[in-house]
Structures are given as structure tokens and as C-alpha cells.
Amino acid sequence: MMMMQDVWNQLGPAIATIMFAWTMYQNYFPHELRGHLRRYTDKLVSYIYPYIHITFHEYETDGWFERSKAYVAIERYLSKNSSIQAKRLKASVVKDGQSLVLSMDDHEEVTDDYEGAKVWWISSLKEANRPTIALYAKEDENRYFKLKFHRKNRDLITISYLKYVLDEGKAISVRERQRKLYTNNKGSDGGFGGYNRRMWSQVVFEHPSTFDTLAMEPNKKQEIKDDLETFSKSKDYYAKIGKAWKRGYLLYGPPGTGKSSMIAAMANFLQYDVYDLELTAVKDNTELRKLLIDTTSKSIIVIEDIDCSLDLTGQRKPKKEKEKDEKVEKDPIKEELKKAGEEKKQSELDPALIRRGRMDKHIELSYCCFESFKVLANNYLDVTSHDDYFPEIRRLLGETNITPADVAESLMPKSSKENASTCLERLIKAIETAKVEAKLKAEEEKAKAEKEKEKEENENEKKKKDAAAAEEAKSADDVNENGASMETTSVKEKPESDGAKENGKSEIVKD
């Protein structure tokens with residue numbers, strides 16, 4: 001007990017001496033010399049201190065009050081270790097209040113291991129030396145992470161570990177963020193040069209469609225999933241071959257075959273945002289470029305009904321034909337009728353729009369087949385087989401075109417009293433009705449086609465008769481003109497003899 005008291009008695013004066021020396025240093029030591037003293041002190045300590053420190057500040061010095069992406073990625077990466085090791089934690093809300101993210105509070109420390117190397121992460125806060133009136137948190141406090149590791153692991157940490165931390169942190173942010181559905185606002189000047197308006201409006205994206213619930217053949221579904229997964233992991237490969245990291249998908253098929261559900265399933269599979277680009281709200285190509293530039297990575301840009309939204313490219317005309325069209329004065333009414341006729345005839349997209357590189361993969365979404373029906377039956381009725389109804393449905397689907405949307409509507413129970421058998425019977429009736437309607441429609445189209453063919457033949461026959469009559473009338477006119485010419489010539493060539501004149505005249509009359 002006496003020894004402990006002696007230690008404290010000796011330690012007290014030593015602490016007092018150190019505090020006195022520090023006070024004298026702070027108050028009287030010239031500021032110009034402090035930097036030199038600190039530099040030489042750090043150099044001296046580095047010979048005996050084996051650890052290296054790297055600091056990551058919350059705000060970039062050249063940023064406009066924007067948090068550092070590296071700091072945010074590290075914060076998300078450390079959230080797992082923080083919740084386990086740290087004693088004081090901070091909670092932040094993500095996904096619009098649906099979940100919490102825990103991170104270590106200021107002046108806390110956690111450890112991490114990477115390939116046998118141990119590192120320390122310290123969360124620190126440097127407050128302002130004097131009171132300030134700040135509009136932003138950045139002005140009166142500076143948070144930062146400090147990474148500490150042994151100098152023998154310098155290459156491992158600086159080359160490999162930090163890249164791993166940043167990539168993992170970004171991936172965690174993408175997985176845990178609340179995904180959005182964006183729609184473009186109608187083009188307008190919007191104030192000072194258009195900068196005061198937002199290009200996109202957004203809502204939370206909560207579409208439940210997945211590839212498991214998608215009505216499609218399993219093999220085709222797996223092919224699309226493999227293609228998406230390969231693309232999502234090919235960022236380095238695209239950079240290697242010199243291509244932009246994007247992929248175009250052209251979805252086509254009759255209405256109600258699941259194109260919108262396919263887009264939602266893709267977004268949920270990749271965990272991407274969705275930008276729904278409405279072309280009718282875009283006034284020119286300049287605004288379209290601005291909209292595309294304003295999109296973020298990890299997103300799907302959707303252009304629905306691109307074949308009828310806008311005449312973006314049109315059928316390309318030769319240069320001479322374009323110049324000719326510009327010179328000739330056009331009748332507005334005739335031009336509108338001509339344009340309407342061309343729109344009816346045109347059924348294909350411009351080749352430049354659907355070529356490889358823009359639309360890399362074409363996906364046809366067709367009518368419901370039996371495999372697609374089984375997915376829907378499992379989704380809506382929790383039924384995978386039924387001996388009384390499935391064989392008949394298989395036969396009918398092989399003979400009739402019906403969309404997955406119509407099949408789903410028949411399978412959905414309309415009241416609590418309906419069971420699987422009731423819904424399957426309703427589906428069979430719906431398919432049979434669709435079969436009868438398709439047959440009647442085919443007969444009507446056939447009759448209409450025959451009627452149009454007959455009408456066309458009659459018009460062609462009439463045109464032939466009119467052409468023959470016109471040709472006959474033209475021939476008669478030519479005969480009369482030739483006769484008059486012959487009479488005049490005969491009179492001039494033989495003026496001497498009256499008999500010659502009479503002969504010439506009689507010949508003309510005879511003719």
C-alpha cells in the first residue's frame with residue numbers, strides 16, 4: 001500500500017511538469033517553428049513506430065458540400081463490424097424508413113482482417129477551435145476515418161485491401177438503397193436556362209415481378225437470367241474491349257404478353273433503378289441527350305412502344321430526293337394523307353435503331369403456352385398439376401392464341417368461395433371462347449380479303465377499259481389530223497390539173 005502511494009506521489013509532479021511544459025508550448029512557442037518541430041518529431045517517431053496511417057475525410061476539399069464517396073463506401077463496409085465490435089453506435093435510415101444501418105460513433109475503433117493482415121479503423125471527429133455560425137455541418141466539424149496497419153503490409157493494404165473495401169461498400173450501398181422509378185418531366189425552359197427544373201420525377205419502385213413469377217418457358221427464362229448476370233459482372237471486360245458498359249434489349253410481342261412484367265423482373269434481378277422515358281414529352285434531340293446524361297449507373301432505361309411513340313429517324317431518303325422535296329411546294333392536306341398512308345404501311349423499326357450494338361438481344365414475348373400456364377397456375381392457385389383440367393388446357397393452348405394476361409385474369413379467384421377447380425373451368429371456357437372468336441375473325445378477314453380482291457380486280461378491269469377507250473379515242477384523233485395533212489399536201493403537189501385535184505380529194509375522202 002505504501003509502494004502504491006509512493007508511485008502516485010512521484011507521478012503527480014511528473015504530470016504537472018508535462019502539463020506546464022505543454023501550456024508554455026501552446027502559449028509562447030512561435031507558430032512558424034511548430035511545423036518544423038512537428039516534422040522532425042514525426043520523422044523521429046517513424047523510426048521506432050511500425051504503423052502507417054491513412055485518413056479519409058467525410059467531405060472533399062474541392063466538393064460543393066458533398067460527402068466523399070470513399071468515406072460513404074467505407075462507412076457502409078464497416079457497418080457490419082461496427083454493429084459487432086463497437087460499443088457506441090449511430091443509426092441511419094435507408095429505404096424510406098424500412099430498415100436501419102448501424103455505424104460506429106465518433107472516437108470508436110474496430111478491427112478487420114484481410115489475407116492474414118490485421119488493420120484498425122478509427123472513427124474521429126475534429127471540431128472547430130472557436131465558435132462559428134455554419135450553414136453546413138462541414139464548416140464547424142470534420143469527421144474522418146483513420147486506417148492503421150503495419151508497414152510490412154503496405155502493398156497488400158494500399159493495392160488490394162482498399163480496392164476491396166471500396167467495391168464492397170459500393171455494392172452494399174446498391175443492395176440496401178431504396179430503388180426508384182423515374183419518369184421524365186415534360187420539356188420546358190423552366191426558368192433560368194432550364195436549370196431550375198428537375199429532368200426526372202421519382203417514386204419508390206416496388207414492383208413485385210420476378211423471374212420466378214414470370215409466365216415464360218423455363219429454358220428461355222434461364223437464358224435471359226444468364227445473359228443479365230454475365231453483363232452485370234463484365235464491367236472490366238467491356239473496358240478491356242473498348243465498349244461502353246451497357247446492353248440493349250428489344251422486347252416485342254402482342255399486348256398482354258408480359259413486356260412490362262419482364263422489365264420489372266429484370267430490375268429486381270439486377271437491383272437496378274428504372275427510368276421510364278416518355279418520348280412524347282421530349283421536344284428535341286438536345287433534351288433527349290440531357291435526359292440520358294442525367295441518369296445514374298445501375299439503372300434500366302425503358303422506352304415503351306418505340307415503334308409508334310415518335311418518328312425519331314424515319315425512313316432514310318437519298319440526299320437528292322430530300323433536296324427535291326424541299327424545293328417543291330407541298331399541299332398540307334395531301335402531305336398529311338400521304339404520311340398517314342406511309343405510317344399504315346410501315347411495320348418495321350428503322351434498321352439503325354435495332355442493329356447490334358443498340359439492341360443487342362431481341363426477346364419475343366408471345367402467347368401463353370402450357371409451360372407458361374403452369375407458372376401462372378402455381379402463382380395464382382398454388383396448383384402444379386390437375387388430372388381433370390391440365391390435359392384439356394394443354395390441348396386448347398396448342399390450338400388457340402391467348403395472352404398470359406387473359407389467362408391470369410381467368411385464374412384469379414373472384415371471391416372466397418371459388419377454388420382451383422372453379423378457376424380452371426373458367427379458364428377452359430375463356431380459351432374456348434377465344435378459339436371461336438379467332439375462327440370468326442379469321443373468316444371475316446378472309447371474306448374481307450376476298451371482297452377487297454374482287455374490288456381491286458373490278459377496279460383494274462375498269463382501268464383497262466378506260467385505258468382502251470382512251471387509246472381508241474387517241475387513235476381516232478390521230479387519223480383526223482393525218483387526213484387533213486394529206487389533203488393539203490396533195491393540193492400543193494399537183495396544182496396543174498383539175499383531174500389531179502379531184503383524184504387527190506377523192507383519195508382523201510376515201511380514206
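These are my notes from a look through this structure, which is a predicted model.

**Overall look**

Of its 511 residues, 27% are buried. I then checked how far apart in sequence the contacting residues sit. Taking contacts between residues at least 6 apart, 64% join residues at least 24 apart. The exposed surface comes to about 36,700 Å², and carbon and sulfur atoms supply 52% of that.

**Confidence**

Next I looked up pLDDT. The average for the protein is 79, and 72% of the residues score at least 70. One is residues 312-316, with 7 contacts in the model beyond near neighbours in sequence. The other is residues 340-347, where I found 1 contact of that kind.

**Aromatic pairs**

I searched the whole structure for ring pairs and got 17. I picked out Phe 56 and Trp 121 to begin with. Their ring centres are 5.9 Å apart and the planes meet at 40°, so I logged the pair as tilted, since that angle falls between the 30 and 60 degree cut-offs. Where do Phe 56 and Trp 121 sit in the chain? Phe 56 is in strand S1 (residues 51-57) and Trp 121 is in strand S5 (residues 117-127), so the pair links parts of the chain 65 residues apart. Both residues are buried.

My other pick was Phe 231 with Tyr 238. Here the centres lie 5.8 Å apart and the planes are at 85°, so this one is edge-to-face. Phe 231 has a relative accessible area of 11%, which makes it buried. Tyr 238 is at 10% relative accessibility and counts as buried too.

**Ser 79**

I then went to helix H3 (residues 69-85), which holds Ser 79. Is Ser 79 buried or exposed? I put it down as buried, because its relative accessibility is 13% and the cut-off is under 20%. Leaving out residues up to four places away in sequence, Ser 79 touches Val 101 and Leu 102.

**A β-α-β unit**

Last, I traced strands S10 (residues 273-276) and S11 (residues 299-302). They run parallel and are joined by 4 bridges. For Val 274, the bridge partner in S11 is Ile 300. With helix H9 (residues 285-293), S10 and S11 make a β-α-β unit, and I noted its hand as right-handed.

Methods: Residues numbered from 1 in each chain as written. Predicted model: local features only at pLDDT ≥ 70, side-chain atom pairs only at ≥ 80, totals over all residues. Heavy atoms only, no water. Pairing = 2+ DSSP bridges. Helix = DSSP H or I, 4+ residues; strand = E, 2+ residues; numbered from the N terminus. Right-handed = clockwise from strand over helix to strand, strands pointing away. Buried < 20%, exposed > 50% of the residue type's maximum accessible area, 1.4 Å probe, protein only. Contact = heavy atoms within 4.5 Å. Areas by Shrake-Rupley, 256 points an atom, 1.4 Å probe, with all protein chains shown as cover. pLDDT = per-residue confidence, 0-100. Phe/Tyr/Trp six-rings, centres within 6.5 Å; stacked < 30°, edge-to-face > 60°.
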